[in-house]
Amino acid sequence: MVSAMEIYMLLPKTNCKKCGLPTCMAFAVGLLGREKKIDECTPLIEEKKYEAKLKKLREVMAPFENASETGLIIHPEKCYGCGNCVVACPVNVAADPTRCGIGLGPQSDRVILKVEDGVVVSNNLKECRRFGPNKILCNACTATCPSKAIEFV
Amino acid sequence: MEAVTCTGCSLLCNDIEAAVTDEKLFHVKNLCRKGHGHFQAAFSERTVPMIDGQKATIDQAIARAAEILSSAKKPLLYGWSNCTLEAQAAGVRLAEKLGATIDDTSSFCQGILMERILDGRIPTCTLDDVRNYADTSIFWGADPSNSHPRHLSRFSYYPRGEKRQKSYEEERTCIAVDVRRSATAEICSNYYYRVAPGSDEQFIEAVLAVLDGKIPKVADKKKMIELGSILKKTEYGVIFPGLGMVYSLQEKMDLFERLVARLNEITAFKVVPMVGHYNTRGFNELLREKTGFINRVSFSGGAPAHGPEHSVMAAAKSCDAALVIGSDPLSALPFATAKALAKVPLIAIDPRRSLATDAARVVIPSAISGLEAGGTAVRMDGMRVKFEPFLKTDLLTDEQILTKIMEAI
């Protein structure tokens, strides 16, 4: 997991305000929160002297490309299909209390996480407690995973 | 989508939904990775009827198997853990008829503990009780995240139950006792107790000391005292002993019995053994009902005789023919036993290729139970689960094969 400081170190650090934010640090935080895109920092793209930094920044930000709207990344190759996250997720339980609530596989279509073909898959990410303006940092699915197959960027 | 029961491990999950096209499984829901692997394996490396390495018809193979078994003086029938109760019952009848020795995988597995549980010397409960009432789950020498992936999510830690509405968030504690920081221990995080290999005896003594208010003789006394207070505060505790614990204690299982008895003086504590194969417990219960012993039985003198001399380890060296079904002893048992077994005329009944079918004189293919054959099995906690096949096949089931062998004899 990359930090805002690490991203900041790869920016021009001139506080030119071309991205619309007052400082480069604010832009770094924006990148981390996926509200800003690398291309919005025009000096970094245009000026030759930042070429190495830009390359490094793109490398660092690569995992963010695959992340879903809530920043959820599932590594199917690590997943055991145990269903801990399916049963632990509060949204899943609220959507299908008679099944998810007591440890059975969900039947409702409104659940976020379910196990298919032996590995977990995500749906309806808009329902996730990490989504939208009122998001909270719920970590029920990552904390319960025995193989670290789920993470948030 | 069809409802399916998974026979990949002894949890016998029956909330699986599968869709089938062209006799192949193409989409399946709620099945864990282990179960998925078990199901997918149905489409590769299937066996064909063989006699002495040559292809034969199923009838020829059955006739040859009957010939080998009836001419043997001390046949051994081994395996049974991956067979339905119906097939196991047919197996016991066959053993009686042949005067054979019959043993299953629990002989080298959880047998020593299972015997005490079926005798009622160690209290047990069902997994549904665990979900509804348990507030402390102890995984001892077991790593369910790998061996029974849905154990924690279906029963022992995450689901909400009748008396445990707040579940893992507030009301449940899970404790891991293991030699290594396994995936399950990772989930238990602070409540992981490391034991050195083979030192479960000292661990039990330390727990007993703490429960009596004495200072335990271990390095981390503070952590042990903390464990003691968790155990004392427990309302309904369940211990899930795995192979690690059983192998470490072996003949000293009385000590574990003492620990459970001591815990039950304080609060309710149950034990559910982490059985591996899907119907090991079924065989133990069935044989106990018929003979009074859970495994290691010989019918050679007419009446059933029980003892270590009839275990697969001893019988492999003294038998003159063996029938292997629902297990692969050549890859699972110690080398000396496997080597001895590979030298006798071997009959292997197995849906898939294994070391046993490679070494066998006669190979008889069978339908995979749960997938292609229906039947009844006993879950790790003693619940009976009935299942129907959902793939069509022309293969005979284990039960049909054994009945045909018996008729031929």
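Domain bounds in what follows come from an automatic or database domain assignment. On that basis chain A is divided into domain 1 (4-66) and domain 2 (72-152), and 32 Å separate the centres of domain 1 of chain A and domain 2 of chain A, taken over C-alpha atoms. The structure is a predicted model, in which local features need pLDDT of at least 70 and side-chain atom pairs count only at pLDDT 80 or more, whereas totals for chains, interfaces and linings use all residues. Residues are numbered from 1 along each chain as its sequence is written, and chains are lettered from A and ligands numbered from 1 in the order in which they are written.

Chain B is likewise assigned two parts, domain 1 (47-108 + 278-408) and domain 2 (111-271), whose C-alpha centres lie 33 Å apart. With contact taken to mean that the C-beta atoms of two residues, placed from the backbone, lie within 7 Å, 12 residues from domain 1 of chain B and 6 residues from domain 2 of chain B take part in the contact between these domains. On the side of domain 1 of chain B that touches domain 2 of chain B, the residues divide into 2 nonpolar, 5 polar and 5 charged, where Ala, Val, Leu, Ile, Met, Phe, Trp, Tyr, Cys and Pro count as nonpolar, Asp, Glu, Lys and Arg as charged, and the others, Gly among them, as polar.

Between the chains, 25 residues of chain B are in contact with 23 residues of chain A. Helices (H or I, at least four residues) and strands (E, at least two) are DSSP runs, numbered from the N terminus, and the elements of chain B that give two or more residues to the side touching chain A are strand E3 (24-29), helix H1 (33-40), helix H7 (151-156) and helix H9 (183-188). By class, this side of chain B has 11 nonpolar, 6 polar and 8 charged residues.

A residue is termed buried if 20 or more other C-beta atoms lie within 10 Å of its own, exposed if 12 or fewer, and partly exposed in between, with C-beta atoms placed from the backbone; a nonpolar core is a set of buried Ala, Val, Leu, Ile, Met, Phe, Trp, Tyr and Cys residues joined through C-beta atoms within 7 Å. The largest such core has 144 residues, and those with the most contacts inside it are A:Cys89, B:Ala322 and B:Ile347. Helix H3 (residues 85-98) of chain B gives the most to this core, with 7 residues. A second, separate core of 12 residues includes A:Ile7, A:Cys24, A:Phe27 and A:Leu57.

Two strands are considered paired if DSSP finds at least two bridges between them. An open sheet of 5 strands in chain B has the order E10-E9-E8-E11-E12, with parallel pairing, and its edge strands, each pairing on one side only, are strand E10 (192-194) and strand E12 (268-271). Within chain B, 5 bridges join strand E8 (residues 136-140) to strand E9 (residues 173-178), and the bridge partner of B:Phe139 in E9(B) is B:Ala176.

Most residues other than glycine have a negative phi. A:Asp117, in the loop between strand E2 (113-116) and strand E3 (119-122) of chain A, has a positive phi of about 50 degrees although it is not a glycine, and with 17 C-beta neighbours inside 10 Å A:Asp117 counts as partly exposed. B:Arg296, in the loop between helix H14 (280-291) and strand E13 (297-298) of chain B, has a positive phi of about 55 degrees, and B:Arg296 is buried, with 24 other C-beta atoms within 10 Å.
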